[in-house]
Amino acid sequence: MGSNAVASAGRRMMGVLAGLTLLATASQASTLSDVRSKNYLDCGVSTGIPGFSNPDAEGRWSGLDVDVCRAVAAAVLGDASKVRYTPLPPSDRFNALGSGEVDMLSRNTTWTHARDTTLGMIFAGIVFYDGQGFMVTQSSGISGLQELDGAAICIQGGTTSELNVADYFRETGMNYQPVVFATSDQTLRGFEAGRCNVLTSDLSQLYAQRTRLKSPEAVTILSEVISKEPLGPAVRQDDMEWYNIVKWTVYAMVNAEEYGVNQSNVDAMRESPKPVIQRMLGVNADTGRAMGLSADWAYQIIRQVGNYGEVFERNVGVDSTLGFERGLNQLWNKGGLLYAPPLR
């Protein structure tokens, strides 16, 4: 090949590489650009789990997962109300994210190896440390897992709960009769109708489902758990800019609680002499620039939605309908697992 041909081939290769770079850049910026273009965030949520993502009679959504959506909208659009909620059953949630129907998932989804590596999605942090448990009717007389041999168990299909319970009974050598339903509501109604005397799911869902029973005092949630269920928001793998935005939204809420910054004092805290707080609130640094956000992105999250502790307590904490203790969901310096990298 002559020198002119070599030069021509080189130019063509450079053109291909440049084109690929532009495509990659466009892909990475697409979700942020799309959200800003339509001026709202489309967030995939559950079909209804009290305390996490649940609509009221007028269609207003609330819950811990909903507040994560609102926090992302506050960071990106400066307005936590600019969210459109798309209720998704487990069977549809991953396709909805992959196809672009929703911009992110925030719907009590467990972070697992397979989901993180084979579905084209990536988890952007943990917002609730959970575990799979069992709810039983008091009339069944069941008081522990060792008494579940031969039990009819209601399970929601397409979930890690379905897989975990199969593993557990295989490992223990016990038998069970799975009664599988498509949605959380159908599973609960099957349990209430007597199709089974045991219902299994994440503890977060069991506590939520118990509040929807006609006679919640007639059931017991066993103390044992059979799995780890780290729940968190997820985004598409091909958009690292958007991944960073959702991930650091979660981290900002955790850091805010650790630094003592909340909805009621966030404005006063902008005068704090502490560099770490000034940096977080965008007073003496612009941590948003690298993510394509404004300097006050974290301030908007805290002012409009609150820190992690506030979000936890109002939705699922001891003073809420669910009544969860913080437990593992306490900050790392208070005996829990919540730990966020520094905003530096």
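**Reading strands, burial and rings**

Reply: Let us begin with one detail: L199 in β11 has C154 standing opposite it. The model is a predicted one, in which local features need pLDDT of at least 70 and side-chain atom pairs count only at pLDDT 80 or more, while totals for chains, interfaces and linings use all residues. Residues are numbered from 1 along each chain as its sequence is written, and side-chain values use heavy atoms, with hydrogens and water left out.

Me: How many helices and strands are there in the protein chain?

Reply: Helices (H or I, at least four residues) and strands (E, at least two) are DSSP runs, numbered from the N terminus. The protein chain contains twelve helices and 14 strands.

Me: In which sense do strands β8 and β9 pair with β11?

Reply: Two strands pair if DSSP finds at least two bridges between them. Strand β8 (residues 132–137) pairs with β11 in the antiparallel sense over five bridges, and S201 in β11 is the bridge partner of G133. Strand β9 (residues 151–156) pairs with β11 in the parallel sense over two bridges.

Me: Why is β11 described as largely enclosed?

Reply: A residue is buried under 20% relative accessible area, exposed over 50%, and partly exposed in between (1.4 Å probe, protein chains only). Strand β11 covers residues 198–202, and five of its five residues are buried, so the rest of the structure largely encloses it. In the protein chain, 52% of the 344 residues are buried.

Me: What share of the contacts in the protein chain with a separation of 6 or more joins residues 24 or more positions apart?

Reply: A contact means heavy atoms within 4.5 Å. Of the contacts with a separation of 6 or more, 70% are between residues 24 or more positions apart.

Me: How many aromatic pairs does a search of the whole structure find?

Reply: Rings of Phe, Tyr and Trp (its six-membered ring) pair if their centres lie within 6.5 Å; planes under 30 degrees apart count as stacked, over 60 as edge-to-face and the rest as tilted. The search finds eleven aromatic pairs. In one of them, the ring centres of W248 and Y251 are 5.0 Å apart and the planes lie at 80°, so this pair is edge-to-face. W248 and Y251 are three residues apart in helix α8 (residues 240–259), so about one helical turn separates them. Both residues, W248 and Y251, are buried.

Me: Which residues do ring pairs link into a cluster?

Reply: The cluster consists of F52, F128, Y207, Y308, F312 and F324.
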